[in-house]
Amino acid sequence: MSSSTLSLAPALATLSHRDAPRRSASSPRVSVTQSRNPMHAHRRAGRASPRQTSCAASASTSAPAAPSAPDVGAWLSGLFGGGKAKKEEQRKEAKYALLDAIVGTERGVKASAQDAAAIEAAACNLERLNPNAKALSCDLLNGEWELLYTTSKSIIGATRPWPFRPLGPIYQTIDTGRLRANNRETFPFYNGVDADLTPTSAAAVNVQFVTFLIFGLLPVTAPATARGTLAVSYLDEDLRVSRGNMGNLFVLRMSSPEKRLVRKGDTAE
C-alpha cells in the first residue's frame, strides 16, 4: 500500500474501488445542512446595540456638567473579561463560516476550485482560534466523528462514477486512552480499518494501519507501509479540523462521544 493511504479518514480507498457511505443526518450535533440559519440567528442574537452618545444632557445649557466618576467595574470587566468574550464570539463566527462554506459540496465531491479555496481560508481562520491546542490530552477528541468535508479525493471517491462512491456517512473513531483509531464506511460497501496511534506532539500522531475490514466481513492484515500522520488543528465539543500528512484537510463533526475502541483480547477495565 502506498503512502497515499496515510491520513486516518482514508486508507480504505486503496483496497476497494468504492468507499462506503456515511452516517444518517440524525446527529445531535451541529448540522451542516442547516448551518446557515443558525449562523445568521447567532449573529443577530449576539449583535450589540448601537453605541449611545457618551454625554448626558445637562439640566442647564449654561453650566458645564460635572465630570462623572469613572466606571471602574466596567473598565476591569473590559480588561479581564472583554477580550475573552470577543475571542469566543470570533470563534463562533469562524466556525459557522466554515460550516456555511461546506454546504452543498457533498463532502468535497462537488467542490469547485473556488469552493475549495474558500473552505481552506475558512478552516485556517478557525484554526487560529483553536480553544484546545493540546488535543491529545483533551477528552473532547474521543468518540466517533462523521466526515463532513475533505480534500482527499480517494476517500470520497471524487474521481469515480457515482455508483462506486461512498454514499452513506463515513466515520472516524478516536480513542486516546488506548491510542487507537478506526475509519469505517457505511452503505453500500461497509469497509473499515483499525489503526494504532503514536503521539508525536500535543496534537499530532503517527498512524499505523493494522487491519482492514472488507465489506464489513473479511479482515485483511495491513502491510507495514500502510502508515501516515494526523494532526488536530481545531477541536471543540462538536467540530474537529484535522490535517493529514499528504496535505489533505478534514472537517468532522462529533457523532457519538461515548464510543471507544475495544479489540478482542483486551483485558477488562
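Figure 1. On a 1 Å grid over the protein atoms alone, a cavity is a set of points where a 1.4 Å probe fits but cannot get out, and lining residues have an atom within 4 Å of a point. Grid points are joined across faces, edges and corners, and a volume is the space filled by probe spheres set on the points. This is a predicted model: local features need pLDDT of at least 70, side-chain atom pairs count only at pLDDT 80 or more, and totals for chains, interfaces and linings use all residues. Residues are numbered from 1 along each chain as its sequence is written, and side-chain values use heavy atoms, with hydrogens and water left out. The count comes to 1 cavity of 30 Å³ or more. The largest cavity has a volume of about 60 Å³. Its lining holds 11 residues, and L136, L141, I174, V205 and V232 lie nearest its centre. The lining residues divide into 11 nonpolar, no polar and no charged. Here Ala, Val, Leu, Ile, Met, Phe, Trp, Tyr, Cys and Pro count as nonpolar, Asp, Glu, Lys and Arg as charged, and the others, Gly among them, as polar. Strands β5 (204–214) and β7 (227–235) each supply at least two lining residues. The largest share, 3 residues, comes from β7.

**Figure 2. The chain and its elements.** The chain has 4 helices and 9 strands. Helices (H or I, at least four residues) and strands (E, at least two) are DSSP runs, numbered from the N terminus. Of the 269 residues, 41% count as buried. Buried means under 20% relative accessible area, exposed over 50%, and partly exposed in between (1.4 Å probe, protein chains only).

**Figure 3. The second largest pocket.** A pocket is an open set of grid points with protein on both sides within 12 Å along at least five of seven lines. The second largest pocket holds about 160 Å³ of space. Strands β3 (180–185), β4 (192–199) and β5 each give two or more residues to its lining. The lining includes N182, R184, E185, Y190, D194 and P219. By class, the lining has 5 nonpolar, 4 polar and 3 charged residues.

**Figure 4. A nonpolar surface patch.** W162, L167, F187 and Y190 make a nonpolar patch of about 460 Å². Patches are made of residues with over 30% relative accessible area and no salt bridge; like charges are joined within 9 Å, and nonpolar side chains (Val, Leu, Ile, Met, Phe, Trp, Tyr) within 5 Å. Accessible areas come from the Shrake-Rupley method with a 1.4 Å probe, and for residues only the protein chains shown count as cover. W162 sits in the loop between α4 (153–156) and β2 (170–175). W162 is exposed, at 57% relative accessibility. The C-alpha atom of Y190 is separated by 8.6 Å from that of L217, 27 residues apart along the chain. L217 lies in the loop between β5 and β6 (218–221). L217 is exposed, with a relative accessible area of 73%.

**Figure 5. Backbone details in the loops.** Most residues other than glycine have a negative phi, and most peptide bonds are trans. The peptide bond from F187 to P188 is cis, with omega near 5°. P188 is in the loop between β3 and β4. L179 has a positive phi, near 55°. L179 is in the loop between β2 and β3, and is partly exposed at 30% relative accessibility. F215 also has a positive phi, about 55°. F215 lies in the loop between β5 and β6, and is partly exposed at 41%.

Figure 6. A salt bridge is a side-chain nitrogen of Lys or Arg within 4 Å of a carboxyl oxygen of Asp or Glu. The whole structure has 15 salt bridges. E88, R91, K95, D236 and D238 are linked in a network of them. R91 and E88 meet at 2.6 Å, N to O. Both lie in helix α2 (residues 72–102), 3 residues apart, about one turn of the helix. R91 is buried, with a relative accessible area of 10%, whereas E88 is partly exposed at 32%. D236 and K95 form a salt bridge at 2.9 Å, N to O. D236 lies in the loop between β7 and β8 (239–244) and K95 in helix α2, so the pair ties together parts 141 residues apart in sequence. Both D236 and K95 are buried.
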